[in-house]
Amino acid sequence: MLKMNNISKIYQTEMVQTHALRDFTLQVDEGEFIAVTGPSGSGKTTFLNIAGMLEPFSEGEYLLDGIDVGKLNDNQRADVRNQKIGFIFQGFNLIPDLNLYENIEVPLRYRGIKASERKRRIEQCLEQVGLASRAKHLPQQLSGGQQQRVAIARALAGEPRFLLADEPTGNLDSLMARQVMELLEQINRDGATIVMVTHDPELARRAPRNIQVVDGQLADFTLYQGAQTIKSAAGA
Amino acid sequence: MLLHYLDLSWRSFKRTPLVSALMVLAIAIGIGVTMTSLSVYHMMSADPIPHKSSQLYTVQLQTMDEGHTWWTGDDIPMQLTYQDAENLYNAPIPDKKVAMMRTGFSVYLDSDKVKPFISNARMTTPDFFSMFDVSFQYGGAWSQQQEQSAAPVVVISKELNDKLFAGESSIGKLIYLDDDSYQVVGVLADWPLNLKYYDLNNGAFNKVEDLFLPFSLIKAKELTSWGNSNGWKHEDTRNFADRLQSEQVWIQFWAQLDTAEQKLAYGNYLISYIEEQKKRGRFTREIPQYSLRDVNQWMEYNNVVSEDNKILVGLSFMFLAVCLANILGLLLAKFLRRAPEVGVRRALGASKRQVFLQHLVEVAMLGFIGGLLGIILAQIGLLGVRQSYDYYANLATMDLTMLLSAPVIAISTCIIAGLYPAWLVCKTNPAIYLKSQ
């Protein structure tokens with residue numbers, strides 16, 4: 001599904017050169033649920049942005065579903081992003097002027113889906129996240145947990161095969177965080193590949209595979225397979 | 001998608017009503033000022049008879065001796081002498097030609113219902129009406145025979161007919177001009193002429209005359225010109241007959257030349273006419289010189305639209321540019337404030353092109369609203385111009401072309417102003433905003 005080979009990302013200013021990612025190599029298979037952990041400033045979000053094609057990388061090779069991302073122009077990247085990737089952000093990032101229905105409609109419009117099909121998908125996604133009765137509400141009329149569920153519904157509406165979540169529960173209390181996590185697990189069981197950046201070790205432990213990023217590099221990974229835990233150095 | 005962009009633009013307008021209203025107001029003021037001056041310029045420079053302007057030619061002859069100069073660009077007098085006008089009128093070609101002069105009379109009826117008043121008149125030949133596409137409400141032009149015999153007949157304007165005869169047909173009725181009675185043979189239909197192109201010597205924007213009489217009456221009644229009359233040498237003109245034979249220029253002359261061949265043939269005729277006159281001691285220049293200018297060339301030759309008008313239009317466009325510079329600043333602030341939302345849209349699949357277009361639609365909508373408001377302001381401006389000067393009554397108006405141009409200019413200039421802000425917001429890195437929102 002996702003294959004990064006020796007990806008580097010360098011932020012260049014006049015005075016300083018910062019290596020946000022260096023020789024980052026990772027393969028994510030179809031249907032996996034991966035939690036990405038690491039200290040602040042380690043490069044987790046940079047990895048996620050590159051994975052989501054929101055930022056270009058400086059060196060290396062990135063294949064998404066077999067497509068060489070480095071060779072795509074802006075329009076092609078937007079198309080691939082729109083069709084294959086769903087985003088869930090810590091701050092929900094709902095558009096305040098649009099009601100829930102319209103917020104979920106945004107990616108579908110950019111894909112050029114017909115109004116009747118848009119309606120079907122939006123209603124289905126709102127149903128899935130338990131907010132079908134709130135379609136005409138504005139984001140600010142909802143709680144944080146509800147807003148994140150709307151953001152998940154928006155990510156799901158495009159029926160993406162790949163979900164990128166950046167601290168999806170970071171702004172939620174524990175009860176709401178658990179509900180959102182259960183929703184993500186359900187989405188993963190339904191077939192979507194999920195990569196989730198989180199600081200929360202409890203949450204990370206619920207993902208079948210953990211990877212840790214330190215100083216822009218993949219430090220190690222852990223596989224949780226039932227009661228058995230396999231811990232290994234990266235690349236082992 | 002365009003409808004969706006329009007919907008987003010309208011929401012954006014409502015989200016920041018004050019800034020949006022300021023931008024619309026700035027566009028409206030810029031467009032109002034620009035359209036006021038542009039409308040006047042447009043009406044002044046518009047072809048007054050578009051379907052025929054390239055067939056109607058004014059005739060100029062170089063009558064002056066060598067060494068004399070005129071204030072025209074080519075040194076040729078703008079009018080003809082009476083004798084040349086008479087000779088050219090009696091020439092075999094072209095079929096349609098017209099000699100004319102502006103004069104005036106005291107007008108009254110054989111009753112005490114209307115007080116005598118002074119009115120402008122045009123002494124002309126009967127083809128005037130068909131050549132310049134003037135139509136009649138009642139009757140028609142006088143006949144060629146009446147022209148030859150200097151018959152006391154008159155064609156009056158609709159306005160004068162309304163005044164003297166309450167709009168009823170006055171054909172056959174008599175009106176008094178100075179001391180003589182004239183029979184009405186025709187009443188003109190409405191002739192809304194913004195520019196009196198057929199006689200630019202006597203005020204291009206003056207009102208069309210109310211009276212039209214046979215040209216031959218000039219000689220018969222010894223009528224003097226109420227227009228420009230110019231000489232270039234000393235002549236001892238003691239009486240009217242001397243004046244008719246003098247080298248003074250005071251008659252306008254037009255010829256209708258429908259084809260290039262006709263124009264060439266008439267040019268050759270004028271050369272031979274000058275050569276013939278040379279034998280009589282006139283036209284002493286070695287090289288015969290004449291000029292045939294069509295309506296638009298004649299207007300340009302006479303500087304109908306003065307440099308001042310052109311400068312005014314230029315200044316008004318510069319004012320519009322200043323308004324747009326302000327709009328550009330406001331758009332920059334407004335669009336960059338929205339960068340986080342753009343970041344979300346980009347993450348959700350919007351390409352830079354789609355974001356760019358969305359913002360251009362928004363500025364186009366602002367331009368459209370500003371353009372409509374600008375039309376209202378321009379109407380107020382034009383009303384002010386009309387009330388300042390009488391002769392702007394027909395000129396200071398907006399025709400359909402100008403009405404449609406206003407929103408087009410507003411939209412296109414706004415799009416130009418919005419290009420940079422829209423480009424700036426579409427190329428922002430979405431990743432920066434997604435985390436920080």
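# Close-up views of a predicted two-chain model

**Figure 1. Helix α9 of chain B and the elements that cover its buried side.** In this predicted model, the elements covering the buried residues of α9(B) include β1, β10 (249–256) and β11 (290–294) of chain B. Helix α9 comprises residues 260–278 of chain B, 19 residues in total, and its first and last C-alpha atoms lie 27 Å apart, close to the 27 Å expected at 1.5 Å a residue. Its buried residues are Tyr266(B), Leu270(B) and Ile274(B). These residues cover an arc of only 85 degrees around the axis, and therefore they lie on the same side of α9(B). On the face turned away from that buried side, the exposed residues are Glu261(B), Leu264(B), Asn268(B), Ser272(B), Glu275(B) and Glu276(B).

Figure 2. Helix α1 of chain B spans residues 2–15. Its 14 residues should span 20 Å at 1.5 Å a residue, and the end C-alpha atoms are 20 Å apart, which agrees. Leu8(B), Ser9(B) and Ser12(B) are buried in α1(B). Because the arc that they cover around the axis is only 105 degrees, they sit on the same side of α1(B). The cover over the buried residues of α1(B) includes α13 of chain B. Leu3(B), Asp7(B) and Lys14(B) are exposed residues on the face of α1(B) turned away from its buried side.

**Figure 3. Helix α12 of chain B, a largely enclosed element.** Helix α12 of chain B runs from residue 339 to residue 347, and seven of its nine residues are buried, so the rest of the structure largely encloses this helix. The buried residues of α12(B) are Glu341(B), Val342(B), Gly343(B), Val344(B), Arg345(B), Arg346(B) and Ala347(B). Gly349(B) follows α12(B) and has a positive phi, near 120 degrees.

**Figure 4. The nonpolar cores.** The largest nonpolar core contains 118 residues, of which Ile34(A), Ile194(A), Met196(A) and Ile27(B) touch the most other members. Helix α13 (residues 352–388) of chain B contributes the largest share of this core, 12 residues. A second, separate core of 61 residues includes Val59(B), Phe129(B), Leu164(B) and Val187(B). When neighbours within four places in sequence are left aside, Ile34(A) is in contact with Val28(A), Ile194(A), Val195(A), Met196(A), Ala207(A), Arg209(A) and Ile211(A).

**Figure 5. The contact between chain A and chain B.** Here 21 residues of chain A are in contact with 20 residues of chain B. On the side of chain A that touches chain B, α1 (44–51), α2 (74–84) and α3 (100–111) of chain A each supply at least two residues. The residues on this side of chain A comprise eight nonpolar, seven polar and six charged. For the complex, the predictor gives an ipTM of 0.83 and a pTM of 0.71. Chain B has an average pLDDT of 91, with 99% of the residues scoring at least 70.

Figure 6. Most residues other than glycine have a negative phi, and most peptide bonds are trans. Ile93(B) and Pro94(B) are joined by a cis peptide bond, with omega about -10 degrees. Pro94(B) is placed in the loop between α3 (82–89) and β3 (97–108) of chain B. Asp75(B), which is not a glycine, has a positive phi of about 70 degrees. Asp75(B) belongs to the loop between β1 (56–61) and β2 (80–81) of chain B, and it counts as exposed because it has 12 C-beta neighbours inside 10 Å. Ala150(B) likewise is a residue other than glycine with a positive phi, near 50 degrees. Ala150(B) is found in the loop between α5 (144–148) and β6 (153–156) of chain B, where it has 16 C-beta neighbours inside 10 Å and so counts as partly exposed.

**Figure 7. The surroundings of Gln128(A).** Gln128(A) is located in helix α4 (residues 115–128) of chain A. With 18 other C-beta atoms within 10 Å, Gln128(A) is partly exposed. Apart from its neighbours within four places in sequence, Gln128(A) is in contact with Ala153(A) and Leu156(A). Gln128(A) and Phe57(A) are 71 residues apart along the chain, and a distance of 35 Å separates their C-alpha atoms.

How values were computed
Residues numbered from 1 in each chain as written. Chains lettered and ligands numbered in written order. Predicted model: local features only at pLDDT ≥ 70, side-chain atom pairs only at ≥ 80, totals over all residues. Helix = DSSP H or I, 4+ residues; strand = E, 2+ residues; numbered from the N terminus. Buried ≥ 20, exposed ≤ 12 C-beta atoms within 10 Å, placed from the backbone. Contact = placed C-beta atoms within 7 Å. Core = buried A, V, L, I, M, F, W, Y, C linked by C-beta atoms within 7 Å. Nonpolar A, V, L, I, M, F, W, Y, C, P; charged D, E, K, R; others polar. pLDDT = per-residue confidence, 0-100. Expected span 1.5 Å × (residues − 1). Arc of directions from axis to C-beta.
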